[in-house]
Amino acid sequence: MSNDQLAEHLRFARELGVAGVSRDPAWRERAGDRSVHPQADRPDGPITIPLTQVDALAAVRADIGDCTRCKLHTLGRTQVVFGVGNPNADLMFVGEAPGGEEDIQGIPFVGRAGQLLTKIIEAIEMKREDVYIANVIKCRPPQNRNPESDEVETCEPFLFRQIDVIQPKVIVALGKFGAQTLLRTLEPISRLRGRIFEYRGAKLIPTFHPAYLLRNPSSKREVWDDMKLVRKLLTES
Ligand code: URA
């Protein structure tokens, strides 16, 4: 391929939304199956053009659209609450479903429980912007009732896609729904926490939900233990 042809090819890729090109083998490995290999037969290896995590997350968000897949769109939700934070985060938090404030702002964990989550993140010397935060369910259930199984089933594939794009090293599952959905178990959170699970290439740590901590402040001690474990796993890997 001549230089002119290569330049034209790269212009075309950019128009398709490809944001970067790298010959670095480490980058190639991380990009995995989300890459295209336009020159796989090159003697010095393929040029890999990874879609960035930003593009890939934007594609997931676009697929959700103004979702009407489950009944929650008829039950008073204002908007879809997708996820927030660093698309390349090593640490991801997964909660249950947006509450009232999240439904208004379109951002997960911005109400009282969210403010406590921010403090928990800061307790391990990280900033909220360093991590990625999402929920199993993207729409607020009426009166903040528990998500129903058909709603979880409909919505969870989008969470799985978010996780697969971000590829965090550690996932903290907040409360019963986050933990039970990801781990496909009905074990209570009290039995799940304190353990490390392998999950889609990440270490998954279940812990109590910040809303539970607001009602049961004495359980902050266990959450602190869990967060110390998170910090250790992040520095080890
Ligand atoms: N509780 C959750 O599980 N998620 C939010 O976004 C807010 C409160």
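I took two strands as paired if DSSP finds at least two bridges between them. Helices (H or I, at least four residues) and strands (E, at least two) are DSSP runs, which I numbered from the N terminus.

**Model.** I am working on a predicted model, where local features need pLDDT of at least 70, side-chain atom pairs count only at pLDDT 80 or more, and totals for chains, interfaces and linings use all residues. Residues are numbered from 1 along each chain as its sequence is written, and side-chain values use heavy atoms, with hydrogens and water left out.

**Sheet.** Met-92 stands opposite Ile-171 in E6. Strands E4 (residues 91–95) and E6 (residues 170–174) run parallel and are joined by 4 bridges. I then traced the sheet. It is open, has 6 strands in the order E3-E5-E4-E6-E8-E7, and its pairing is mixed. E3 (83–85) and E7 (197–199) are the edge strands; each has a single partner, so one side of each lacks a neighbour in the sheet. On average, neighbouring strands are turned by 25 degrees against each other, direction ignored.

**Helices on the sheet.** I checked contacts (heavy atoms within 4.5 Å). Axes are lines fitted to C-alpha atoms, for helices over the stretch in contact; angles run from 0 to 180 degrees between N-to-C directions. H7 (residues 175–183) packs on the sheet and touches E4, E6, E7 and E8 (202–207). The direction of H7 makes about 130 degrees with that of E6. H10 (residues 220–236) lies across E4, E6 and E8, at about 170 degrees to E8.

**Pockets.** I searched a 1 Å grid over the protein atoms alone with a 1.4 Å probe; a pocket is an open set of points with protein on both sides within 12 Å along at least five of seven lines, and lining residues have an atom within 4 Å of a point. A volume is the space filled by probe spheres set on the points.

The largest pocket has a volume of about 640 Å³. I found 28 lining residues, with Glu-96, His-209, Ala-211, Tyr-212 and Arg-215 nearest the centre. H4 (100–105), H5 (112–123), H7 and H9 (210–215) each supply at least two lining residues. H9 gives the largest share, 4 residues. By class, I noted 12 nonpolar, 9 polar and 7 charged residues.

The second largest pocket holds about 270 Å³. Its lining includes Pro-147, Glu-153, Phe-177 and Arg-184. H6 (149–166) and H7 are the elements that give two or more residues to this lining. The largest share, 4 residues, comes from H6.

Notes
Nonpolar A, V, L, I, M, F, W, Y, C, P; charged D, E, K, R; others polar.
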